[in-house]
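Biologist: Can you walk me through this one? Keep it simple, please.

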Amino acid sequence: MSGRKFLHSDGALVLWPVAGIAVLLVLNLCLSPHFLVLTLQSGHLYGGPVDILSEGSRSCLVALGMTLVIATGGVDLSVGSVMAMAGGAAALAIAQGHASLAGAMACALGVGLAGGALNGLLVAYAGIQPIVATLVLMVAGRGISQLITGGQVIAFQNAGAEYLGTGFIFGLPFSAVLVVGLYALTQIGLRRTAAGLFVEAVGDNETASRFAGLSAARVKFLAYVFCGACAGLAGLLEVANIRSADPYRAGENMELNAIFAVVVGGTALSGGRFLLFGSLAGALLLQTLTATMYNLGVPPAIAPVPKALVIVAVCVAQAGPIRRWLSRCLQRRAA
Amino acid sequence: MSALLEIRGLGKSFPGVVALEGVDFTVRAGEIHALLGENGAGKSTLIKVLTGVYPPDRGEMHLAGARIQAAAPQEAERLGISTVYQEINLIRSMTVAENITLGRQPRRFGLIDWRAVRRRAREALDRLEIDCPVDAELGTLSVAVQQMVAIARALDCRAQLLILDEPTASLDEREVGELFGRLRRLRGEGLGIVFVTHFLDQVYALTDRITVLRNGRLVGDYATATLPRLDLVANMLGRSIGAAEAEARPEQTPPPARPNVVLAARGLGRRGSVSGINLALRAGEVAGLAGLLGSGRTETARLLFGIDRADQGEVEVGGQRAVLTHPRAAVRLGLAFCSENRKDEGILPNLSVRENLILALQGKRGVARPLARAAQEALADHYIKALRIKTPGAEVPIRNLSGGNQQKVLLARWLATQPQAIILDEPTRGIDIGAKQEIEELIARLRDDGLAVLFISSEIEEIVRNCGRAVVLRERRPAGEAVGVDLNGRHLMHLMAGTNEGGQP
């Protein structure tokens with residue numbers, strides 16, 4: 001694909017969050033260069049960008065699942081609550097000594113799958129609107145996670161879990177490598193089978209897909225199940241990271257972050273074409289933004305304001321009319 | 001009887017379409033007037049102009065002698081023109097009384113006077129002799145009663161002219177009878193009633209006069225009693241009966257002797273849809289399914305393809321009894337269906353021509369057996385050439401193609417699945433003449449290759465030209481079948497109209 005052609009394709013939408021990250025990094029470099037310094041200590045890489053990758057791993061994971069749900073034309077508001085439930089269940093299993101790390105992972109994944117299956121049933125088979133259907137679990141899930149943890153913050157000590165949250169592999173944070181691995185698996189699972197086509201078809205025109213012989217309901221159901229599983233794993237990463245499960249704060253605002261990451265990454269909220277890589281870039285953009293605020297010493301109370309400005313800028317740059325205007329300007333320049 | 005509503009020279013255009021041109025329409029006080037026409041005739045545009053939804057471009061409208069120009073539906077209501085739309089435009093969670101008076105509740109000291117609301121609702125219902133509690137929640141009542149409440153609401157604002165847009169579509173026979181009784185009483189009170197319907201029996205049972213529109217123009221204004229049914233159908237379809245007889249049928253190769261029945265239906269039906277459908281579609285033939293608008297053509301196709309579930313009768317595919325619960329089941333059995341509604345039920349607008357083309361085949365293979373990219377491209381290239389699909393390439397979003405080329409891609413989508421039988425619902429609707437001819441040639445080629453084709457069309461010429469025989473539906477039931485020398489315009493029109501060839505009904 002020539003450069004010119006790429007700029008006009010759907011894939012070009014990925015450029016905006018990537019460009020956003022680049023701009024923020026340059027800003028950091030100018031104002032507070034030590035942020036970008038990478039150091040190698042006992043074979044582990046440390047530094048600002050590494051922190052962004054490891055801290056952003058949860059958002060990336062959730063955004064991965066959210067991408068598929070949004071591509072089918074839906075949305076999943078319950079991911080934050082599912083994180084809290086899954087994290088709570090895993091922490092409880094570890095803290096009470098019932099389970100090894102593998103057991104805790106199974107707990108988190110199981111809770112995620114169950115939550116996703118509930119959402120999927122409500123949306124795909126009961127025909128409830130996605131916002132309403134997933135709102136149920138978003139609200140109820142917080143209650144359930146308090147039930148699981150007895151309303152307490154559960155702290156635990158477990159070497160395996162700590163490794164999950166803060167360990168290194170190949171010199172890189174384990175959580176970041178995990179996300180990259182899952183992204184690759186998802187990409188292969190979707191593009192090397194017909195699943196990706198089916199998801200895009202159902203999101204683009206559900207009735208036509210059904211009339212062409214696709215099982216639209218099953219496609220939607222599985223998208224929610226996958227999203228739930230991603231949220232469950234993200235919940236596990238979160239508790240592993242802080243070595244405790246907080247039923248109130250875990251996964252807070254995660255649904256909004258994930259939706260933003262997906263949309264900024266170039267997947268339309270109306271469904272259809274999706275860009276998995278774009279969603280990862282979108283999630284990392286948010287994390288870079290947060291890190292930049294810390295780095296520049298912006299007080300937490302006013303941090304949302306510059307954050308909002310950047311988000312608005314990216315969204316405006318991606319809006320149809322602005323893109324057309326920009327590409328006209330570029331053409332005039334070229335001519 | 002004086003003219004209650006008089007419309008002269010009405011014209012209305014939308015970008016690229018002339019919806020109405022030079023239409024005259026007169027309704028007298030104390031008459032029930034049928035407004036008839038096929039799809040795109042301009043009935044709904046006429047009603048929308050009349051009720052102030054669209055401003056007219058040209059022409060004059062007089063109601064009871066005074067010139068009117070409604071700029072909004074509320075204003076039309078104030079002038080005395082009330083409309084009851086096909087889908088009941090009421091609020092299901094409110095009571096009957098609230099629905100009847102909504103937007104014009106009597107007030108006292110600025111607050112709603114609930115006693116007066118209930119009294120007025122009671123009066124409106126009594127006028128129609130409807131026995132239902134005014135405090136009942138609308139959604140708990142039957143559709144027929146909801147329809148009556150909608151009419152009661154329309155009459156509550158001192159209507160002089162009542163417009164009913166397909167009021168009987170969701171009613172059963174007894175309910176239709178009750179509705180007609182009430183409409184006749186309203187006629188006796190001097191109300192003018194405009195009645196839009198697809199059911200010719202109802203036109204003759206109820207109405208006094210008929211106005212026929214076609215392609216946005218007035219065909220004529222007739223007294224119901226003196227217009228033979230066959231002439232009415234000919235007027236709606238825009239054909240003279242003589243011309244229909246002269247129609248020459250192109251030579252068709254006779255199908256091989258008694259080939260296999262690929263798709264058969266026996267007594268197929270569904271409550272509220274069609275009933276008693278019998279069909280036997282053989283390999284290597286094009287069978288037509290004809291009928292006026294609303295006769296149940298598309299409904300039949302939906303039952304045959306498993307989109308709606310039949311509750312009567314059975315379907316056999318390739319001699320085996322088939323349970324069609326989902327289009328997927330039909331596709332697996334080797335059926336294919338091109339919907340008449342290309343935009344909503346056919347294309348995936350933002351996906352590429354290639355993806356649109358392979359979708360049904362991939363669906364049939366399942367998720368775990370993907371077609372290799374090279375195979376997909378080969379398929380797309382093959383069909384783009386074979387069907388002469390005009391597209392800059394296989395990777396272009398299908399929405400960029402013209403209607404005719406989109407239709408070809410959808411045909412290719414099904415041909416790629418190598419079906420035994422294909423159901424084509426209005427395959428030439430909304431596409432230009434050249435593409436139309438190409439699609440008709442393609443259908444003939446597919447027939448010669450042994451495919452069984454069910455060809456659904458509202459155009460008699462198309463049925464006669466393309467089909468070896470034709471089943472005609474009327475009022476959601478089979479009205480007869482035309483084969484051989486009987487497959488001509490005149491005979492088909494008789495079947496559609498429900499008249500005897502020899503004379504009057």
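Modeller: Start with a term: two residues are in contact if their C-beta atoms, placed from the backbone, lie within 7 Å. This is a predicted model: local features need pLDDT of at least 70, side-chain atom pairs count only at pLDDT 80 or more, and totals for chains, interfaces and linings use all residues. Residues are numbered from 1 along each chain as its sequence is written, while chains are lettered from A and ligands numbered from 1 in the order in which they are written.

Biologist: How many residues does the contact take from chain B and from chain A?

Modeller: Chain B gives 24 residues and chain A gives 21 residues.

Biologist: Which helix has the largest share of chain B's side?

Modeller: That is α13(B), with six residues. Helices (H or I, at least four residues) and strands (E, at least two) are DSSP runs, numbered from the N terminus. α11 (327-332), α12 (342-345) and α13 (353-365) of chain B each supply at least two residues there.

Biologist: New topic. At what angle do α4(B) and α5(B) cross?

Modeller: Roughly 110 degrees, and their axes come within 9 Å. Axes are lines fitted to C-alpha atoms, for helices over the stretch in contact, and angles run from 0 to 180 degrees between N-to-C directions. The two helices, α4(B) and α5(B), are therefore roughly perpendicular (under 35 degrees is roughly parallel, over 145 roughly antiparallel, 65 to 115 roughly perpendicular, the rest oblique).

Biologist: Which residues of α4(B) and α5(B) meet?

Modeller: R120(B), A124(B), L125(B) and R127(B) in α4(B) meet A152(B), L155(B) and D156(B) in α5(B).

Biologist: Now the open sheet. What is its strand order?

Modeller: The order is β2-β1-β4-β5 in chain B, four strands with antiparallel pairing. Two strands pair if DSSP finds at least two bridges between them. β2 (17-28) and β5 (66-68) of chain B are at the edges with a single partner strand each, so one side of each has no neighbour in the sheet.

Biologist: How many bridges join β1(B) to β2(B)?

Modeller: Eight, and the strands run antiparallel. L5(B) stands opposite V27(B) in β2(B).

Biologist: What lies across that sheet?

Modeller: Helix α1 (residues 43-50) of chain B lies across β1, β2 and β4 (58-63) of chain B. α1(B) runs at about 65 degrees to β2(B).

Biologist: And the hairpin of β21(B) and β22(B)? How many residues are between the strands?

Modeller: Two, and E475(B) takes a positive phi near 50 degrees in this hairpin. Six bridges join β21(B) to β22(B). A470(B) has A482(B) as its bridge partner.
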